[in-house]
Structures are given as C-alpha cells and as structure tokens.
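Colleague: Hi! Could you walk me through this one?
Modeller: Happy to, here it comes.

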Amino acid sequence: TAYDMALMMKTMIKNETFLKIAQTTSHTMSPTNKQKENRVFANGNDMIKKSSYRYDGMIAGKTGWTTDAGYTYVAAAERDGMQLIVVILNDDSKESRYQDAKTLFDYGFENYKQVLVKASSLGPKEVQIMQGNRVAGEFTFSFEHGFNVLLSKSTDESALTTEIIVENEDDLDKISAKLVLYLNYVPIAEVPMEKQAVIHDLSFKATTLPIILNVLDIFSV
C-alpha cells in the first residue's frame, strides 16, 4: 500500500549510505575485465537532477513501473526542518507522477507546520507496584527529548492537550506508558515513554535489594 511505501522511505532516509546513493545524480563505473570503456549510470529520479522536474529540498526518491501498478514514485523532501513523504501509485505517465508529487509536496509545505512538544512539559510519571504491603517495583516514565507533531498551519496550538496512560500497571515485566496528544479532545498521536525502573528483591525478609534498570521498550540489566 501507499502507507507501506511511506514507512519504508521514512526508514531508508535515516541511512547515510542510502542518502549518498539517492542524492548522486550520476556515477561513472571504471572499466572491468568484461567492459573496456567507462560506463555512466544516471539517477532515475528527475526531481533531484537538474531537470524541469527538479524540486528544491528533495532528499531522495525512487521511481517504478509495472503493468498493474502503473507509474509509481515514492519521495521525501525537506524545507525549514520539516520532512514530508509523498507516494504515487498507478499514475498515467512519467510526467504526471512528477507533477502530482510536486503538487502534493507544495500542498504539504504550504499548509502544514511542525509543532515541538517539549520534553520538559511531559511528565515525569511515577508508578509503584506493590506485592502485599511491600514495594516490588518503582517506575518513572519520561521523555529525554521532545518530539514534533505535524499540524495544519491554521491550528490553534492552545487546543493541544496531553495525557499519560499507564498500561499493565500491575505487571513488573510488562508495565509501560504512552503519551497521548489531543487536538480539541480528539487523539491525534501516541508516543511511547522512556522507562526507568527500580526492582526490589523481595525474597529477603530483612531487607530489599534494589536493581536499577534503564529501559525503553524492554527490560535489560
């Protein structure tokens, strides 16, 4: 699906080797034992080359075509620190897929903005898990860094609210927390929170021995 292609591009543009290849407009291969002449290979993404389709801020793109899928294209571009990904499937021609991509990119950059949700405004949230009348575990959920959310430029940022939801709050192994971001009380994003844990060894009657764990998704010693 288009969404699958967008997720793949989102991951690929984090890879420096991929970006170097994707942003190279042409590459000359030296002669080999099978080919005596230099060979030049051109990048198939016209939106990154000096062509009529070139798009300012283009990060990377990949073209495609099959009988069933038609002309396809997935691309990422960045302006003013905001990255957008466009996916085109089943377009009519090479020319129209680039024009459609440009139209979508222009619409996104002209009508949307990034809003920073600061880590200092998000928690921390502290939770204790009890076994009988003794504390078995103490957990602190927080964010080391803030995160950006994409919103319409017409959005009233004062309408943004947050809620921290703790899940599996009685399970030492599975307890987790997430931040839910609301716009006018409608959820628009969920972000997992980082977890710091102090687990007490309750096998000793005289004392408890704390084991300090710093974890994001799973426990590790």
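Modeller: A definition to start with: buried means under 20% relative accessible area, exposed means over 50%, and partly exposed is in between, with a 1.4 Å probe and protein chains only. This is a predicted model, so local features need pLDDT of at least 70 and side-chain atom pairs count only at pLDDT 80 or more, while totals for chains, interfaces and linings use all residues. Residues are numbered from 1 along each chain as its sequence is written, and side-chain values use heavy atoms, with hydrogens and water left out.

Colleague: Good. Is D46 buried or exposed?
Modeller: D46 counts as buried because its relative accessibility is 8%.

Colleague: And which residue forms a salt bridge with D46?
Modeller: K94 does, with the closest N and O atoms 3.2 Å apart. The pair links distant parts of the chain, 48 residues apart: K94 is in helix 3, and D46 is in the loop between strand 2 (39-42) and strand 3. By salt bridge I mean a side-chain nitrogen of Lys or Arg within 4 Å of a carboxyl oxygen of Asp or Glu. Helices (H or I, at least four residues) and strands (E, at least two) are DSSP runs, numbered from the N terminus.

Colleague: What about the exposure of K94?
Modeller: K94 is partly exposed, at a relative accessible area of 34%. There is also a network of salt bridges here, linking D46, K49 and K94.

Colleague: How many salt bridges does the structure hold?
Modeller: Six. One of them joins the side chains of D106 and K102, at 2.8 Å from N to O.

Colleague: How far apart are D106 and K102 along helix 3?
Modeller: They are four residues apart, which means a separation of about one helical turn. D106 counts as buried at 17% relative accessibility, whereas K102 is partly exposed at 35%.

Colleague: New topic: what's on the surface?
Modeller: A nonpolar patch formed by M5, M8, M12 and L89, with about 330 Å² of accessible area together. Patch members have over 30% relative accessible area and no salt bridge; like charges are joined within 9 Å, and nonpolar side chains (Val, Leu, Ile, Met, Phe, Trp, Tyr) within 5 Å. Areas come from the Shrake-Rupley method with a 1.4 Å probe, and for residues only the protein chains shown count as cover.

Colleague: Where does the largest share of the patch come from?
Modeller: Helix 1 (residues 2-12), which supplies three residues. M5 is in helix 1 and is partly exposed, at 32% relative accessible area.

Colleague: Last one: where is P124?
Modeller: P124 is in the loop between strand 6 (112-117) and strand 7 (125-131). P124 counts as exposed at 54% relative accessibility, and P124 touches T140, F141 and S142, leaving aside residues up to four places away in sequence.

Definitions and conventions
Contact means heavy atoms within 4.5 Å.
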